Each structure stands twice: as C-alpha cells, then as structure tokens.
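Please consult the sequence and structure shown below while reading.

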Amino acid sequence: MNDALFFVNRFAAAAIEEALNRRQAPVEYSAREEVGRLVAGLSSPSVHGLDPRGKATNARAALESLLAKYPDQPLARVFRTLPAEGPARNVFLLLLAWALEPRIGVLFGHVHDALQRTRPTAGACAEILADSAAVAAALVPSGALLRTKLLELDRFGPDGVLGIDARLVAFIATGTLPPLVLPSGSIRLVAPSPAGAGAGELGPDILVVRGPEGSGRRRAILAQCAQERRAALFVELGQTESASELVLTALRDARWLDARLCVSGVLDPASAAALAEATEVPLAFRLGPEESLPAAILTRPAAVHTLGVPPASERARLWAELLQRDALAPDIVAVADRYAFTAGVIRRAAIQAVSVGAERAARMQLEGVLEGLSFPPKDGPEAWTRLVLPEAALEQLRGLCAQARHATRVEVDWGFARRHSLGHGVKALFHGRPGTGKTLAAELLAAELELPLCRIDLSRVVSKWIGETERNLASLFERAQQSRAILFFDEADSLFARRTAIQSSTDRYANMEVNYLLQRIELHDGIVILATNLKGNIDEAFSRRLHYVVEFPEPDARARERIWRLSVPAEAPLSEDVDFALFARRFEIPGGAIKSAVLGAAYVAAAEGTAIHQRHIAVALRREYAKLDQLYQKAELDALAMSLS
C-alpha cells in the first residue's frame, strides 16, 4: 500500500513540475506584455496531455502495474469505478496526493501564482494535465468523479475548488473505512467473514428480511454475507431531506468494497430510484412487520424472509440456556409465557437477570418501549371487591379474564383459531359515565392476568400529517405485541369515532384512520380495551370485532354506600359520626367522585390533626360537586360542614 501511495505522490509532483516548466513567462513584464503572451498562447497550438516519456507518465504506469498485481488494494478497488480512458483517474490522483502529502498543496500554490491558494481548483488541474476540455468533461455532475461522490466541486468554472472525501482517503491509506454518522443517517461497515479468500456462493440480488426488533434480522443478513464471503455495509436512514445523498455515498462505498448494501429506514423516492438503478450492487433490507419496499426496487429479483417471535417453549429454552437453568423451572416458564420477546431481547434481558431475576429483567426491557406502561400490583382475590358493579358486568369481566388466560389452549391446541375470524386476542368496550370504574376495571384485569397495562396517550398517537397516525399506531401495536401489554384506549371515541360521508379531504383521511384501526385491532392477538363515556360515538363496525361490551352504570344508593365504605382504608381514623348510608342516599355521584371526596376529607382531617368527621366529608363533597358542575343540596351540605365545628 505504501508503494502505491509513493507513486501517487510522485505522479502529482511530476505532473505539476511539467506544468510549471511549460510556462515561458519572462522574469519582468508589463501588463500589456502579459496579455499579449496569453493571447499568443491561446491562438497557437498548445500541448495536450502529459509528456508520454515524462516522469509523471512513468509514475502513472508504475502505479497501474502495481494495482494490477494487487487488485484487492483499496486504491485498485476505487480505480475500478473510474473509466480507464480520459483524465478522470489523473484528476483523482492529483486530489488524492494533495490530501496525503501537505507539500503537494504548496505546489498547487505555485500553479495558482498565489502561494496561499493551496487547494486544488478545476483550472489548476486543467493546466497540470494540459487538457482543459477533457478535465472540464470529467468534472460534469453526471461524470464518475462527482456522481459517485469521489470528489466535490463547489462551483462551475476554473476557479471551482475541488475536494475529496476524507473517508475515502482514510480507506486508501489504511485499508479501513471509517463509519459515517450524519443527521440524515449513518453508514457502518461489517468486515467479511474470515471463512476464506475468494467469492463464496452468491445469494439473491435483493434480500428482504422482515420481522420485529430483536428477531435476528441483522444476524440473517450477516449470515448471508458470510456465505458469500463479502462485507456488509449497513446504512441507517433518518427522516431528513438529505437521505438520498447518504444513499449515493453508501452505493459508492459498496462498489469499492464489493459489499452487500444493507438498508433500514424510510426510503424517499430519490433513494429508491438510486438503489433500483444500481444493479451491480447486491442489496439487503431490514424491515419491520408493517414496512414494505417501494415499487421501484421490486423491479429487481428479491428473496423475502419473515422472522417472528419464537413460541413460548422456544423462549423458555433460550432463557434456560442463557441463565444455565432448567427450562421447566416455574419462573422461567412464567416469564417465557408472559413476555413475547424475540431472541435478541431475551439475550439482553438475560444479562440483567443474573442480578435482578428473570421477571424484573424482563420488565426492564419494557421500560421506555411503551409510553404509559405500568404493572398494577396483584392484591389477591379480595382486590375485585373494590370494583362495585352489577353481577352481569362482573360476569363479563370474569369471562374476559378466562378467555385471555386460556387462549392458547382453546385457539391453538383445540384448533378454534382456524374457525373464527375475530383474531387471536381479546377486544372489549367499557362504556359508562366518568368515575364509574372503567379504568379501575382495566387495572384489576392487568393485575389478575399479571400483564402490563398501557394507557394510550392519544396526543402522541394522532398526528395532523397524512399517514403519520397510522405509522404511530403500527409501532404501538408492534411494541404491545412484544410486551404482551394490555392496550387501554381511554376516551376512545376521539380515535374510534363513527365514519362520516366524505365531503372533504379531511373526512377522507379521518375515515382512512378508522379503517386502519379496524384492520389492526382485528389482527392484534393481545388484549385491547376501549373506554368511552358515550357508546353511541364508537363506529358500529367495531362492534363486530368486540368480544365483550361491558356497561358501567351509575351506582344506585346501595352500591354508593358500599363504595363509600370501601374507599376508607382500615387504618384510617374514622369518627363514629360519619353516616355513609346518609351520604349514599342523599348524594347521587359516581364512584370516582366518592373516592376523591374521601381522599379530600382525609387531607382536611390530617391538617386539623383529628379523625375523619362527617363535616370533613361534607366539605370535600362540595368541592366534588363544583368539579362536576352539578347542583347539590347546599343547605344539607352546609349543615353537615358546620356540625361539630
């Protein structure tokens, strides 16, 4: 490699020396004499090209011979991407020598007749190579030098300053290609497998690997590259307007390295077109479960591999293997069944499980994966007593628990999954006025099933940009699938609203979002709970996809009294003057308001340093009625508040 760089520097120095020797400027001359000299030079035949017997030509020939002998040299790889005829290779060598040897910049200063101008220009290269027309043709945007990002030209004309990619120089000088990290994405090289020299068995022109995060997509691509004995060049695209520039750079790098270009991220039309046209570069794409390739790329032959989440038995085996435990150990079986992790996520969790245990390690993998994720504690069978509902509603909730708990046996082992069309999950609608227990029921279900609960923040899901809401929802369902979380859409009517007649583009795209939700919920094999205050606002098409519709009615006097009593913990000091039957009979408020009133009364009593009296509850009740914006029996509440004061 050092010999090649020696000949590069020798070529540039000798070519510049020839250019300076061709000049015949007098030592002393006036401006008129200088103009006359230039005009005479333009009107008389000029020298074209380098001296065929000069030192520059000899250095170039020695370099070509060396690169032919060692075709895997980095410079030889780059040279193969340039046309053999014309000055493109000579211009490239001038720029490479300038980047490698600081003294070449001094020589460019002499060519410019200005020692401070040490950077190469198009005009200087034209004079050095003694062929202005050919150099200008080599520096057109569609030429090999600029189109493949080998060189950069800041502006057209002889004063245009030329530059060379620093990563390219490092690759030629050291044989290693540094990573490139930009706002538009990144490019990183994975060296070929050391299985042996020469080409291996060639794979498909385009390899598409689809699956969730951690499913082994990268491993599958690297395995294919190892089989081919070629490097893998991974390019991660960000969502910026300059992504296509990054793709062009990655294609250039892949050509040098004879690497498979592995792409992930959103492709804009320009990037897709560039990849489709680069038929000499083998490609690979890492896609999520919901992603697809642009149609332009599918004009090339492709092989598609779909990876997924391994079954529970395979997850248990992997957990046990990584932790050196028995696959039938209760905690291993439980964590494998509860968390539908891919192999990659299990490997990460197993590292933490050594110190914190499998369950806690699995939960750590979910932190930050889903916004609003929580793990409600399981308080035992008595926890359900906190939920005051009619028996019909409780029966439906128990049925929901049973279906979620025994879904694998019924749908897979007994074959029912092949006979019904509502997907493999559980979908439920909770409807009723605020404060009637919808959120509490979701929390109790999550605790009973020992699954995380994810309360969806609709402000993070719904977007004004076309297609962005569907993309957010796809990501949400994918991550919920991985974590086995219960998706709880509170105020669901804002997202699952009835479709309307199309009178504008806004109506069309709103209906598209609802249509997408209909399909996505039906395919989701987890638990989805929609909660709404007004059942009539939910699109009717969702009803066919729901397994359970649970009404949360306003509590009657008997239910309200029970809620009042359940809202006060056994440890709380409660005065004997508190008459819960009176409050339940006189004040018709939902359970949520009752719990808030009890908590507010407890704080008032704590501030006074006394037990919770009836007057404290009356003060808190007045606040609740104010929040509910409802009329109340003011005289009675005022009397209760004033009593015992």
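A polar contact is a pair of N or O atoms within 3.5 Å; within protein, one must be able to donate a hydrogen and the other to accept it, and residues adjacent in sequence count only if both atoms are side-chain atoms.

## Basis of the model

The model is predicted: local features need pLDDT of at least 70, side-chain atom pairs count only at pLDDT 80 or more, and totals for chains, interfaces and linings use all residues. Residues are numbered from 1 along each chain as its sequence is written, and side-chain values use heavy atoms, with hydrogens and water left out.

## Surroundings of Arg315

Arg315 belongs to helix α14, which spans residues 312-323; helices are DSSP runs of H or I with at least four residues, numbered from the N terminus. The side chain of Arg315 has the backbone oxygen of Pro310 at 2.6 Å, and a polar atom of this side chain lies 3.2 Å from the backbone oxygen of Tyr339.

Arg315 is buried but forms no salt bridge, and the nearest side chain of opposite charge, Asp337, is 5.2 Å away. Buried means under 20% relative accessible area with a 1.4 Å probe, protein chains only; a salt bridge requires a side-chain nitrogen of Lys or Arg within 4 Å of a carboxyl oxygen of Asp or Glu.

## Cysteines

The structure holds zero disulfides, a disulfide being a pair of cysteine sulfur atoms within 2.5 Å. The closest cysteine sulfur to that of Cys262 is in Cys225, at 4.8 Å, which is too far for a bond. Cys262 is buried at 2% relative accessible area, and Cys401 is also buried, at 5%.

Methods. Helix = DSSP H or I, 4+ residues; strand = E, 2+ residues; numbered from the N terminus. Buried < 20%, exposed > 50% of the residue type's maximum accessible area, 1.4 Å probe, protein only. Lys, Arg positive; Asp, Glu negative; His and termini not counted.
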